[in-house]
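Let's take a walk through a protein together.

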Amino acid sequence: MNRKVVLLTVALIVALGLLVLALRWTPHEAAVLERDPGIKVVVIGIDGLDWYLLNQFMQEGRTPTLGQIIPRSLLGEIVAPRPVLPEVGWTVLSRGAALTEDEQRLVTAVPRPLRFDGPDIARLVTSAGGTAVTIGWPATWPVPEATADDGSEAPSTERWGSHGIVIAPYAPEAASHAASLSPTLFAEGELQVTPQGFVPIVEAVVRAQESAAAAFSEIILPGPDSELPRWKDNIAAARWALTSDLITLELAARILAEFEPDLALINFSGLDAVSHRFVAPAMPVFFDELTEEEETRYGGVLRNYYTFIDGAVRRLSRIGDDRTVYVVCSTYGMHPSTSGDVLLSGSHERGSPGVLIVQGHRITPVPSPVSVNLEDVVPTVLALLGHPLPSNLDGRIIAEATPPGLLEAFPPQYVSPDDREPVRARVAASGTMEALARRRLESLK
């Protein structure tokens with residue numbers, strides 16, 4: 001083979017290599033090699049969302065948005081801790097670590113104190129220079145109070161630290177939604193100034209939704225206005241739940257569109273309240289004591305609420321761009337409790353696993369649900385955002401829930417939970433943290 005043939009052969013090989021690289025190279029992969037992945041994450045927590053019921057309503061065509069999203073998503077079945085309490089589940093999910101017995105007692109105390117300073121995942125993001133908004137997340141009500149210079153009570157930003165902007169959820173103890181969601185019940189982190197126009201949005205949304213009493217009869221319970229006497233309290237609870245979720249949805253839609261935070265934590269609590277009280281007419285085969293009139297009148301309440309939640313996911317998912325990853329999740333499923341009162345028939349104890357749906361730019365679909373823990377959400381979100389992971393997290397990164405190439409371009413960096421120093425910088429003092437980081441990295445493989 002002469003020199004000319006060799007050169008032509010080499011040139012052909014190089015050209016083919018460049019062609020393959022060009023075909024595989026995408027704008028996203030180019031961006032992945034920059035300083036940060038540029039991904040935004042929206043976590044939509046839906047309390048009480050159940051795989052069994054969701055599949056049933058998808059087959060009936062009642063949840064078309066989720067029916068379209070799920071085939072394009074990573075799916076997971078969430079194994080949640082005991083006791084089966086929303087306060088425990090959502091706190092564990094947002095901090096990435098299990099609770100001690102003392103922390104569980106604090107979280108579930110009645111009357112409800114401020115359990116924690118706020119979602120740990122929001123603090124981790126904002127302390128790394130990102131922005132975070134938390135809307136309606138459990139365990140963030142009431143906002144901590146402090147004494148102002150003039151002696152009056154005022155919201156405290158000291159205990160919130162750098163959690164970004166936190167809007168508390170509705171509170172059953174409050175006299176009205178206006179009281180539980182008033183502007184005095186949200187706080188801003190000390191590293192973040194409230195964006196101009198933020199307060200008027202909160203005030204306007206609360207005022208508008210407080211007066212939207214007709215929405216319940218239009219969305220959830222169309223039909224005769226008269227209520228069957230023993231269902232009065234259930235209907236009142238469902239009305240309250242819808243009003244709360246409408247406020248959460250409107251706030252989330254406006255804030256996501258206007259301020260585009262790196263991380264948004266949004267929680268809809270109404271489905272859980274409605275599921276507890278309307279599982280019986282939705283699944284009458286389990287309840288012999290249910291009358292035919294009750295089944296006819298209220299059999300569609302739970303189904304209609306799933307349809308409302310599906311519409312909420314549709315609205316929020318349209319706001320993001322091609323850099324947004326959506327994490328739809330619940331902590332516990334729901335199942336009929338046939339041993340109790342038909343009016344409070346839903347139970348988490350025997351429910352199916354919690355729901356995890358991760359969908360967004362270049363997330364590879366995984367149709368068969370993988371088994372994950374609540375603690376896995378925080379490290380996965382931090383990996384998506386390109387932020388370091390505290391070495392004391394109990395969860396793992398769900399590698400399947402990240403875009404291909406992300407973890408290779410941005411290998412997870414584990415830091416001390418105390419001073420944020422990189423783990424490897426502390427090796428001289430102790431080999432313990434390096435060993436922990438190595439085990440965690442090995443588990444990713």
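Below is a short tour, from the overall picture down to single residues.

## The big picture

First, a heads-up: this is a predicted model. The protein has 445 residues, and 52% of them count as buried. Its chain is organised into 17 helices and 15 strands.

How far apart in sequence are the residues that touch? Take the contacts between residues at least 6 apart: 75% of them join residues at least 24 apart.

Look inside and you'll find the largest nonpolar core, which has 67 residues. The members that touch the most others are I46, L251, F268, Y305, L316 and I357. Helix α11, residues 232-259, is the top contributor, giving 12 residues to this core. Apart from this core there is another one, made of 48 residues, including V327, L374, L384 and L389.

Now zoom in on F268. Setting aside neighbours within four places in sequence, F268 is in contact with I44, G45, I46 and D47, with D245, T248 and L249, and with I309, A312 and L316.

## Around helix α14

One of F268's partners, A312, sits in helix α14, which covers residues 301-317. Is A312 buried or exposed? Its relative accessibility is 2%, so A312 counts as buried. Besides F268, A312 is in contact with L249, again leaving out neighbours within four places in sequence.

Next, find T65, which belongs to helix α4, residues 64-69. T65 has a relative accessible area of 9%, and because the cut-off for buried is under 20%, T65 is buried too. Along the sequence, T65 and A312 are 247 residues apart, but their C-alpha atoms are 9.4 Å apart in space. What does T65 touch beyond residues up to four places away in sequence? The answer is D310, V313 and R314.

## Helices that cross

Helix α14 also meets helix α3, which runs over residues 51-59. Their axes come within 11 Å and cross at roughly 85 degrees. On the α3 side, the residues involved are L53, L54 and F57; on the α14 side, they are L302, R303 and Y306. Sorted by class, this contact has 5 nonpolar residues, no polar ones and 1 charged one.

## Helices side by side

For another arrangement, go to helix α7 (residues 120-127) and helix α15 (residues 377-385). Here the axes are 10 Å apart, and the packing angle is about 20 degrees. An angle under 35 degrees counts as roughly parallel, which means α7 is roughly parallel to α15. Their crossing is right-handed.

Which residues make this contact? From α7 come I121, L124 and V125, and from α15 come V378, V381, L382 and L385. The class count for this pair is 7 nonpolar, no polar and no charged.

## A covered helix

Last stop: helix α5, residues 86-95. How many of its 10 residues are buried? The count is 10 of 10. Just after α5 comes G96, which takes a positive phi of about 75 degrees.

Notes
Residues numbered from 1 in each chain as written. Predicted model: local features only at pLDDT ≥ 70, side-chain atom pairs only at ≥ 80, totals over all residues. Heavy atoms only, no water. Core = buried A, V, L, I, M, F, W, Y, C linked by side-chain atoms within 4.5 Å. Buried < 20%, exposed > 50% of the residue type's maximum accessible area, 1.4 Å probe, protein only. Helix = DSSP H or I, 4+ residues; strand = E, 2+ residues; numbered from the N terminus. Contact = heavy atoms within 4.5 Å. Axes fitted to C-alpha atoms, helices over the stretch in contact; angles between N-to-C directions. Parallel < 35°, antiparallel > 145°, perpendicular 65-115°, else oblique. Left-handed = near helix turned anticlockwise from the far one by under 90°. Nonpolar A, V, L, I, M, F, W, Y, C, P; charged D, E, K, R; others polar.
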